[in-house]
Amino acid sequence: MNTALLVCYDGTDFCGWQIQDNGMTVQGELERAVGCAFGIRARVTGSGRTDSGVHAAGQVCNFLLPESANIPPERIADALNGHLPPAVRVLKSAAAPEDFDACRSAKKKTYRYSVYFSPREVPLLERYAARAVGMADFPRMEKCAGLLEGTHDFAAFSATGSAVKTTVRTVYSAAVLPRRSFGVKCADIEVSGNGFLYNMVRIMAGAVLDCGRGKLPAERVLAALETGNRDLLGKTMPAKGLTLLSVDYGFPLFS
């Protein structure tokens, strides 16, 4: 049975999604839990590889479970959670189509990058948001985010040395959502697209924030899109502010 999982995790103490020899990873913990719960070795395929320190509210993955396991698909989540560390939880489980692949079948992904504005660190915000000193002009941030919508060559918005066939991606929406948390002004930069390059959302968030703070003219953002020159943009924002919100497959995977 091809089994789909909806997974939530706090990525703070993980070396990202993908299994590696020198650290704890989310994929590694899920595969270990599958082994403990069902006595099998199975590869758990994720919708994408989140980096070290990045969080997920709605990561989707799948693995093959033998029919001999004899367990209702919706109960698989509970079986796995009993063997997972507290920072990782399977929220839902379901039987998926035989040809479903969490990575290759994905149509749209949505990420959120969170920033808070404070002269000092706020412990209750630090784990899931980046701190910015001073305030930003939210309408200017929103205008900058709008420039990133559409189909563009996002070469300037990826980490140097990324190995991909093409750097062209489509961003369906990019929005800045102001809010307050614990009395502190915050902003969530939410981006949806058909796919993202390595560090793309974190670089986009940095550009939007710098634009709102008057450090980066909108013209340079447009020039970066046109030329692919990474040097036109600012730094890559810290991993801790990034959360994978959801993955869309064009059909309801979980009831």
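I began with D13, which is exposed at 56% relative accessibility. The model I am reading is predicted.

**Entry: the R127 pairs**

I looked up the partner of D13 and found a salt bridge with R127, the closest N and O atoms being 3.8 Å apart. D13 sits in the loop between β1 and α1, R127 in the loop between α3 and β6, so this pair ties together parts 114 residues apart in sequence.

R127 also forms a salt bridge with D10, with the closest N and O atoms 2.8 Å apart. D10 lies in the loop between β1 (2-9) and α1 (26-38), and R127 in the loop between α3 (123-126) and β6 (130-132), so the link spans 117 residues of sequence. D10 is buried at 14% relative accessibility. R127 is partly exposed, at 38%.

**Entry: other salt bridges**

I noted 11 salt bridges in the structure. One of them joins R75 and D78, at 3.6 Å from N to O. R75 is partly exposed, with 47% relative accessibility. I also traced a network: salt bridges with shared partners join R112, R179, D188 and E190.

**Entry: helix α6**

Which residues of α6 (218-227) are buried? I found V221, A224 and L225. Down the axis of α6, the buried residues fall within an arc of 95 degrees, so they line one face of the helix. I recalled that an α-helix has 3.6 residues a turn, so residues three or four places apart point the same way.

The face turned away from the buried side carries exposed E219, E226 and T227. I then looked for the cover over the buried residues of α6, which includes α4 (138-147) and β7 (150-153). After α6 comes G228, with a positive phi near 75 degrees.

Technical notes
Residues are numbered from 1 along each chain as its sequence is written. This is a predicted model: local features need pLDDT of at least 70, side-chain atom pairs count only at pLDDT 80 or more; totals for chains, interfaces and linings use all residues. Side-chain values use heavy atoms; hydrogens and water are left out. Buried means under 20% relative accessible area, exposed over 50%, partly exposed in between (1.4 Å probe, protein chains only). Helices (H or I, at least four residues) and strands (E, at least two) are DSSP runs, numbered from the N terminus. The arc is that of the directions from the helix axis to the C-beta atoms. Contact means heavy atoms within 4.5 Å. A salt bridge is a side-chain nitrogen of Lys or Arg within 4 Å of a carboxyl oxygen of Asp or Glu.
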